[in-house]
Amino acid sequence: MELKLDYKKTIKVGFAFAIIILFWQVYDFVVPLLLEKAFGLSNFWRGAIMGLDNLLSLFMLPLFGKLSDKSKSRFGRRTPFIFIGTILSCVLMVFIPVTANKQLKEANALRYDITYNIQSSADDSAVTEGTSPADGVVFSDLLASWYDAAASGNYSYISQMDFRNMREADKLTREDYISIAYTPLKTEGKGDAVKYFKGEMLPSSQNTGLESKTQYGNYVEISKAEYDSLSASNTLYNKYAANGVATYLSEQVHENITVRHAGRLVIYLIVLLLVLISMGIFRSPAVALMPDVTPKPLRSQANAIINLAGGVGGAIAFIIYTAAFLVNDNAFIAIYLISAVCMLILLALFMYFVKETAMVKQCEQICEQYGITDEDDEEADLKRQEAEEGVSDSNLSDEQVAAEKKKLEKAKFRSFLLILASIFMWFMGYNAVSSNLSVYCVKVLGLSEGVAGIISGVSMGISAIAFIPVGMLAVKIGRKKSIILGFALAVVSYVLVWIFVRPGDNLLPAVLFAAFYLIAGFGLIIANVNTFPMVVELSKAQDVGKYTGYYYMATMSAQAITPAIAGLFMDSVGNYSLFGYSAVCVVAAIAFMALVRHGDSKPLPKKSVLENFDTDD
């Protein structure tokens with residue numbers, strides 16, 4: 001009888017991982033938006049701040065993983081860290097949006113005033129004096145300066161690819177580009193009764209809800225021909241000017257508000273630091289709990305279930321921020337309040353269902369009955385190495401056996417380093433996208449926060465169906481081949497987005513982006529289900545927490561630097577370079593994984609004693 005995974009027990013353990021994913025899903029999606037909207041930071045500095053948590057984790061995750069290894073609490077080695085860390089995180093995380101709220105309101109007001117003024121000037125209307133710091137800004141002058149900058153090789157406002165497409169595909173001259181304007185449009189009625197309208201943006205004095213969606217007013221009826229002409233101009237605006245406007249607005253927020261009130265950013269960063277410390281307390285212990293209660297041959301399958309539980313946490317996060325943003329573009333406080341409550345509910349479920357000491361003892365009994373030990377793994381690896389070298393252990397002296405064992409340890413360590421290098425490059429590529437996804441959708445593709453959230457959530461939700469098959473796939477073809485397949489899917493996804501997705505005045509960019517990004521979602525699941533088990537496969541029972549820390553050192557060191565590096569590419573080369581950069585990183589991850597020789601899954605053992613041993617709680 002083959003060893004089988006206890007799904008109920010694994011799902012219960014997964015509540016802790018659901019807490020982690022819920023928090024980080026909200027953090028990675030919402031914090032970049034808050035940094036962009038409230039503080040107007042450049043891609044580089046926003047990326048640097050997004051990397052802070054990972055830089056901090058380089059020290060905290062191995063530390064708390066090792067501390068939990070040595071813990072002797074009556075509640076188990078991992079549970080106390082999970083309980084304390086979650087409580088602290090829930091209390092502190094609410095202050096992330098609170099400390100930025102005043103800054104956000106002032107930034108919204110400034111953005112609105114500037115946008116109204118440049119649109120009014122584009123329409124050759126007089127700009128009312130005293131309405132904003134952007135008095136006298138003429139949109140055509142801005143466009144002229146951006147065009148000239150791109151012509152001289154400075155692609156801060158127009159990407160290199162867009163500048164080429166503008167001149168070659170759409171045949172726009174400098175004068176054509178300068179004349180681009182955006183006009184609010186709407187239609188009423190159907191068929192022959194349809195009417196066409198154009199309007200102007202309301203000035204800030206008439207805007208009674210800065211925290212609501214952008215308001216338009218003063219619509220006048222126009223002919224279909226004029227509507228079509230203005231619509232064509234809007235399309236060009238979305239393709240070639242909207243990204244520059246977004247960058248310009250962020251610069252104005254930074255120069256006029258953030259620089260003058262630098263203390264607000266400092267306070268905000270201190271709060272972020274405290275939240276990240278509290279999360280660091282329990283991340284390694286929570287992840288190490290699965291290997292503690294799962295026999296080695298079943299860890300890929302168990303990790304699939306754990307990731308599925310994490311997907312539930314991610315789905316909760318998606319529902320929270322998507323629903324909130326669809327109602328209010330600036331609902332940051334509500335998002336974090338609701339997220340904290342949901343994390344506490346998941347913690348309560350974890351504490352009620354998971355009795356760590358009993359589960360660990362049960363796992364030890366199962367391993368004993370099936371003859372699963374670290375020593376047996378080492379002996380099997382040694383025999384496999386001898387077979388590859390064409391020697392027999394019966395012909396080896398004690399010294400030769402010792403030399404073979406030493407050679408095996410070096411080979412395992414080399415594979416361990418290669419696995420970590422592959423994981424590092426994988427997260428260099430993957431996190432560059434995930435930490436910039438919300439801003440890329442909103443700022444580059446011109447989608448709303450709600451639509452960006454829907455794309456992220458739908459991709460995550462649909463790809464989640466792969467969790468169970470992926471765990472089984474590793475049993476059939478091995479972890480290494482599964483990981484390479486996952487990496488390859490991500491490369492295909494990133495290249496497709498990089499080449500084919502551009503902003504437009506219809507749903508096509510959103511549809512293409514969602515479809516291509518879904519491919520990366522499947523790749524992410526295949527890779528993440530199998531990389532962690534490969535690392536802990538090379539550990540022993542007494543140091544699982546330490547190896548979990550090593551795993552997170554690789555992931556977090558990549559995530560500490562890649563947002564800033566990707567931001568630097570986006571600032572210097574153009575925003576579209578994000579997915580090209582990520583694709584190159586993942587290709588490097590494939591190269592490293594191809595060289596790995598140890599850590600793959602092993603065949604499931606047969607039961608040696610007690611054929612009817614019960615694995616249920």
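Guide: Happy to! Helices here are DSSP runs of H or I with at least four residues, strands are runs of E with at least two, and both are numbered from the N terminus. By that count, the protein has 24 helices and three strands. This is a predicted model, in which local features need pLDDT of at least 70 and side-chain atom pairs count only at pLDDT 80 or more, while totals for chains, interfaces and linings use all residues. Residues are numbered from 1 along each chain as its sequence is written, and side-chain values use heavy atoms, with hydrogens and water left out.

Lysine 171 sits between α8 (160-168) and α9 (174-178). Its phi is near 55 degrees, a positive value in a residue other than glycine. Lysine 171 is also exposed, at 60% relative accessible area (exposed is over 50%, buried is under 20%, and partly exposed lies in between, with a 1.4 Å probe and protein chains only).

Two packed helices are described by the angle between their axes and the distance between the axes. Helix α2 covers residues 43-50 and helix α23 residues 544-572; they pack at about 175 degrees, with axes 7 Å apart. These axes are lines fitted to C-alpha atoms, for helices over the stretch in contact, and the angles run from 0 to 180 degrees between N-to-C directions. The two helices are therefore roughly antiparallel (over 145 degrees; under 35 is roughly parallel, 65 to 115 roughly perpendicular and the rest oblique).

Which residues make this contact? From α2 come Asn43, Phe44, Gly47, Ala48 and Met50, and from α23 come Gln559, Pro563, Ala564, Gly567, Leu568, Met570 and Asp571. Contact means heavy atoms within 4.5 Å. By class, the α2 and α23 contact has seven nonpolar, four polar and one charged residues. In this scheme Ala, Val, Leu, Ile, Met, Phe, Trp, Tyr, Cys and Pro are nonpolar, Asp, Glu, Lys and Arg are charged, and the others, Gly among them, are polar.

Zoom in on glycine 567, which lies in α23. Glycine 567 counts as buried because its relative accessibility is 0%. Leaving aside neighbours within four places in sequence, glycine 567 is in contact with Asn43 and Phe44.

Serine 284, in helix α12 (residues 262-292), touches Leu61, Gly65, Thr548, Gly549 and Tyr552, not counting residues up to four places away in sequence. Serine 284 is buried, at 0% relative accessibility. Lysine 70, by contrast, is exposed, with 59% relative accessible area, and belongs to helix α3 (residues 52-70).

For another helix pair, look at α1 and α18. Helix α18 (residues 437-444) packs on α1 at about 50 degrees, with the axes 7 Å apart, and this pair is therefore oblique. Here Asp28, Phe29, Pro32, Leu33 and Glu36 of α1 meet Ser438, Val439, Val442 and Lys443 of α18. That contact divides into five nonpolar, one polar and three charged residues.

The largest nonpolar core has 139 residues, and Tyr268, Trp426 and Phe513 have the most contacts inside it. Such a core is a set of buried Ala, Val, Leu, Ile, Met, Phe, Trp, Tyr and Cys residues joined through side-chain atoms within 4.5 Å. Helix α1 (residues 7-39) gives the most to this core, with 20 residues. Tyrosine 268 touches Val31, Leu34, Leu35, Phe39, Ile96, Thr99 and Ala100, not counting residues up to four places away in sequence. Overall, buried residues make up 56% of the 617 residues in the protein. Among contacts between residues at least 6 apart in sequence, 82% join residues at least 24 apart.
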